[in-house]
Every structure is written in structure tokens, then in C-alpha cells.
Amino acid sequence: MSVWPVAIAVFLCVAFGGYLLARSSTRFWGRYQETFTEQARFNLTDMFMFMDAGTLFRLNAVALAVIPALILLVTGNPLLAGVALLLITVLPKKTYRWLRQRRIDKIQQQLPDGLMMVAGSMRAGLGFAPALESLARDVEPPLAQEFALVLREQRMGVKMEEALTHFNDRVPVPDVTLFVSAVNISREVGGNLADSMASLGETLRRRLIMEGKVKSLTAQGRLQGIVMALMPVGIITFLSFAYPGTMHAMYHTPLGWAVIAVAAVMEYLGYCMCRKITSIDI
């Protein structure tokens, strides 16, 4: 019996499987590129950071290919390479979230002084919109950027109430909600808006002072959570370099992988519990 028909059939099956795999990989990579660039463009534009999303995607692609390969080459451990690949995949979203939260915190710190400036300008005879123009011109970003965008929307025909609502949508924190509500109520039912802005600014300043005191009192608890979360990682790293033969089974057997997975889940839950205990809302 000739083996050529069998060989040809195997070759065709392998070629067809490779074609399907290459086609699926190309589609997946295309969707990943589109999603990555769209999220990067949206998140960075929302934070007034105008960067080339294509360049960021190329840097991410290089990191996805090079860093896991280097880890696999140095350690010979596919588990560590897979973990590095997962972390690099998740890192951009976490970075956007961290940058956005830092921007929001900066706006919260600037808002009380900004409201006091608006109140002073209105008491000097300016209207609400000119007072916002003065604020956008004199204060530093990111608060100046947000109010400049509010004024730009108003010049394009958007009502002031809607522009302020958009500002609250971009910065969804209680301080901005109070500011927008105070402005809308004052414009609807009347009243001294300058006094309302001054009173709100003083209230927000006292709230920031209280939050600072609470963070100072809970700093030790947060640091303990970080130290306790990093301690097992440091011990495992030390043992891996000091006793590689003993730790070999943990990295190269299914039971070791299961132990690492359980430990990682417990580490995450313990860190979240520490953060929950030390997080106090005011």
C-alpha cells in the first residue's frame, strides 16, 4: 500500500489547519489593534493628552513580543512568561485608570480655590461666564482645561446647563456635582451666586482638609497592606534564586501552578480587604 495518499492527506490537513490558525490570528490581532487604538485615543483625549495611538500600539506590540520572550529565555519558565504577557496586556487599561484618577484628584484639589476665584470675580462685577473665562485663564491645568472646554461648548451654542452637565460627566465626583447643582439652582430660582460659590468653596476646602487628616491616620494601615502583599512575593523570589532545585516543582508541575494560582487569589483578596478597612468615605 502506498503511503503517498496518506502523506498528502496529512499535509493538506496540516496546511488547512495552519491557514485557519493564521487567518484567526490575523483577525484577532486586527480586532486587538482596533480596540487598543480606539481606547487609547478616547482615554488620552478625555485627559487632554494628545498622543499618537498608533505609536502606543506599536510599543505595546513590541513589549508583548520581547518581554515574555526574554523572561522565557532567562528563566526557562513558561509560567512566568505567560504571567508577564498577561500583565502587559492589562497594563494599558490600568495605566489609563490611574492617570484618570490622578487627574480627577487634581481637579478636586483645585476646585475650592477656583470657586473662591469665581466668587471674587462675580463680586467685582463680572458675570458668571466672564468669571469662568478668568478662571480658565489664571489657574493651572487640569481645572483650566475643563472650564475652557465648558466655555468652548457654550460658544458653539450649547446651553450653560448642558455644558456644566458634560463637565460633571467627565469628572464624576461629588464636588463637581455640588458645583453644577448650585449653579443650575441659582440660575433657575435666582439668588446670590457669588455667595453660593464662596460658601461651596469653603465647604469643599474643609472637606479636603478632613480627607487629608483621614489619609494621614490610615497611612500606616495602607502601608501594612502593601508590605504584607509583597512579602510572599519577595520570599518566593529569594527562594527561587537561592534554592532553584527545590522551587523547580512549583514552576514546572501542574500542582505547583495550582499552588501559585491559589496563593495569587488569596494575596489579591487580602490586599482588597486591607484597602477596604483603610478606606473611609467622608
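In this predicted model, Arg205 forms a salt bridge with Glu202. The closest N and O atoms of the pair are 3.3 Å apart. Both residues belong to helix H8, 3 residues apart, so about one helical turn separates them. Glu202 is partly exposed, with a relative accessible area of 31%.

Arg205 has another partner. Its side chain also meets that of Asp113 in a salt bridge, at 2.5 Å from N to O. Here the two residues come from separate helices: Arg205 lies in H8 (residues 193–217), Asp113 in H3 (residues 78–123). The pair therefore ties together parts that are 92 residues apart in sequence.

Glu153 sits in helix H5 (residues 143–155) and Arg170 in helix H6 (residues 160–170). The two residues are 17 apart, and their pairing links distant parts of the chain. Are Glu153 and Arg170 buried or exposed? Both are buried. They also take part in a wider arrangement. Salt bridges with shared partners join Glu153 and Arg170 with Arg103 and Glu146 in one network. Across the whole structure, the search finds 11 salt bridges.

Attention now turns to a helix pair. Helix H9 covers residues 219–242, and helix H10 covers residues 244–252. Their axes come within 6 Å of each other. They cross at roughly 120°. That angle makes H9 oblique to H10, because angles of 65 to 115 degrees count as roughly perpendicular and those over 145 as roughly antiparallel. The crossing of the two helices is left-handed.

Which residues make the contact between H9 and H10? On the H9 side they are Ile236, Leu239, Ser240, Phe241 and Ala242. H10 contributes Pro244, Met247 and Tyr251. The residues of this contact divide into 7 nonpolar and 1 polar, with no charged residue.

Conventions: Residues numbered from 1 in each chain as written. Predicted model: local features only at pLDDT ≥ 70, side-chain atom pairs only at ≥ 80, totals over all residues. Heavy atoms only, no water. Axes fitted to C-alpha atoms, helices over the stretch in contact; angles between N-to-C directions. Helix = DSSP H or I, 4+ residues; strand = E, 2+ residues; numbered from the N terminus. Parallel < 35°, antiparallel > 145°, perpendicular 65-115°, else oblique. Left-handed = near helix turned anticlockwise from the far one by under 90°. Contact = heavy atoms within 4.5 Å. Nonpolar A, V, L, I, M, F, W, Y, C, P; charged D, E, K, R; others polar. Salt bridge = Lys/Arg side-chain N within 4 Å of Asp/Glu carboxyl O. Buried < 20%, exposed > 50% of the residue type's maximum accessible area, 1.4 Å probe, protein only.
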